[in-house]
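Hi,

Here is the structure I promised to pass on. Have a look at it first, and then read on for what turned up when I went through it.

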Amino acid sequence: MRAVSDISDHVSPSPHLLVVEDDPEIRNLLLRFFSYGGYFVSSAINLAEVKSCLESSDIHMILLDLMLPQESGQEVCQYIRQTTDAPIIMVTALADIQDKVAGLNLGADDYISKPFDLAELEARVRAVLRRGKQLRQPSSLPDEYVFGPWKFVPAKRALYRAPGIRLTLSGAETDLMLVFWQHQQTLLSRTEIIGLIHGSPTALEERTIDLLVSRLRRKLAEGGRQLELIRTVRGDGYIFDPLACNQ
C-alpha cells in the first residue's frame, strides 16, 4: 500500500484531490470549485483512470461517487484502500443507509449526500486533511496503547492482537479509537465525539459516528464474542471501557 505523502513534500504546495465522478456537470463543478480554492485537482470516471492517477501522482484526498457506469463505487473504494491510505469521502445520491455502510466498511472516511452544499463539502475535505496531517506529525502521545489482548498503534492505523494478528483501521476509525482512549470510562455524546475529532460538532452527521462505532466493535470482537469495550448509553452516547477486557 502506498502511504500518502506529507502535503509539504508534494511538488505543489496545494493538496492534490482526485475527483471520481462520471457526471460531467458535477465533475466540472468540483474541478472548478476546488481549483479556484487553491487545490490541485485531477479527475477520473472509472477504475482504469483511478489506477492511472494513483500510479502517476501523490493523491492526498479522494472524492468518490458511488454510482459509476462501469464498476461500482464500492469496487473502486476497495481498490483504492488496498493501494493507498489517502482518505476517501464518498459522494453519493444513494438514499439507502446500507449503501453508505458498505462504503464505510470498505475503508471510506466519510460520506456526503447529493445534492450537497459546496461549502460543507470543502469543510469536510479540510477537516479530513487536517486530521491526517496531525496523525503524521510528531506527538507527545504514546506510540502504542495496550488493553487486554489488544495493542493499538495510531501511526500505523492498526490494532494488533496476539499472536501477531493485525487489523487495519481507516483514518476515521483511528481518530475514533484515539478519542475513546483519551476519554476512557467517560460518557461521550455523538456531538462531543465529532467535536473532539474535527474541532466542530457539526462536521459529521451523528449517524456516521454510529457506523464507525459499529465497525470498531466488530474489529474488537474476540472469537465472535462482543466484549463490552464500547458501551452504548441509549439516547446519550458511548463509553469506552478498556477494563472490560479483564472481566
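Where in the chain is the place of Arg-157? Arg-157 sits in the loop between strand E7 (150–153) and strand E8 (158–161). One thing to keep in mind as you read: this is a predicted model.

Gln-185 is not a glycine either, yet its phi is positive, at about 60°. You'll find Gln-185 in the loop between H6 and helix H7 (190–198). With a relative accessible area of 47%, Gln-185 is partly exposed.

Asp-241 lies in the segment after strand E11 (237–240) and counts as buried, at 8% relative accessibility. The side chain of Asp-241 has a polar contact with the side chain of Arg-231 too, at 3.3 Å.

Now for the overall picture. The protein chain has eight helices and eleven strands. Of its 247 residues, 50% are buried. If you take the contacts with a separation of 6 or more, 60% of them are between residues 24 or more positions apart.

The helix I'd look at next is H2 (residues 47–56). Which of its residues are buried? They are Leu-47, Val-50, Cys-53 and Leu-54. Looking down the axis of H2, these buried residues fall within an arc of 120°, so they line one face of the helix. As a reminder of the geometry, an α-helix has 3.6 residues a turn, so residues three or four places apart point the same way. On the other side of H2, Ala-48, Glu-55 and Ser-56 are exposed.

What do the buried residues of H2 pack against? Their neighbours are strand E1 (16–20), strand E2 (40–44), strand E3 (61–65) and helix H3 (73–83). At the start of H2, a side-chain oxygen of Asn-46 comes within 3.3 Å of the backbone nitrogen of Ala-48.

A few residues in and around this part of the model:

- Leu-54, in helix H2, counts as buried at 4% relative accessibility. Leu-54 and Thr-83 are 29 residues apart in sequence, but their C-alpha atoms are 8.1 Å apart in space.
- Ser-42 lies in strand E2 and is buried, with a relative accessible area of 17%. Leaving aside neighbours within four places in sequence, Ser-42 is in contact with His-16, Leu-17, Leu-18, Val-19, Leu-31 and Cys-53. Cys-53 is one of the buried residues of H2.
- Leu-68 is in the loop between E3 and H3, and it is buried at 11% relative accessible area. Not counting residues up to four places away, Leu-68 touches Val-20, Glu-21, Asp-22, Ile-45, Gly-73 and Val-76. From Leu-68 to Leu-47 is 21 residues in sequence and 9.3 Å in space, C-alpha to C-alpha.

On to a helix pair. How do helix H6 (residues 171–182) and helix H8 (residues 206–219) cross? Their axes come within 10 Å and cross at roughly 85°, which means that H6 is roughly perpendicular to H8. On the H6 side, the residues that meet H8 are Ala-172, Glu-173, Leu-176, Met-177 and Phe-180. Their counterparts in H8 are Leu-212, Val-213, Arg-215, Leu-216 and Lys-219. By type, the residues of this contact are seven nonpolar, three charged and no polar.

One last item, on the backbone. The peptide bond that joins Lys-114 and Pro-115 is cis, with omega at about -5°. Pro-115 is in the loop between strand E5 (110–113) and helix H5 (118–136).

Cheers

Technical notes:
Residues are numbered from 1 along each chain as its sequence is written. This is a predicted model: local features need pLDDT of at least 70, side-chain atom pairs count only at pLDDT 80 or more; totals for chains, interfaces and linings use all residues. Side-chain values use heavy atoms; hydrogens and water are left out. Axes are lines fitted to C-alpha atoms, for helices over the stretch in contact, and angles run from 0 to 180 degrees between N-to-C directions. Helices (H or I, at least four residues) and strands (E, at least two) are DSSP runs, numbered from the N terminus. Angles under 35 degrees count as roughly parallel, over 145 as roughly antiparallel, 65 to 115 as roughly perpendicular and the rest as oblique. Contact means heavy atoms within 4.5 Å. Ala, Val, Leu, Ile, Met, Phe, Trp, Tyr, Cys and Pro count as nonpolar, Asp, Glu, Lys and Arg as charged, and the others, Gly among them, as polar. Buried means under 20% relative accessible area, exposed over 50%, partly exposed in between (1.4 Å probe, protein chains only). The arc is that of the directions from the helix axis to the C-beta atoms. A polar contact is a pair of N or O atoms within 3.5 Å; within protein, one must be able to donate a hydrogen and the other to accept it, and residues adjacent in sequence count only if both atoms are side-chain atoms.
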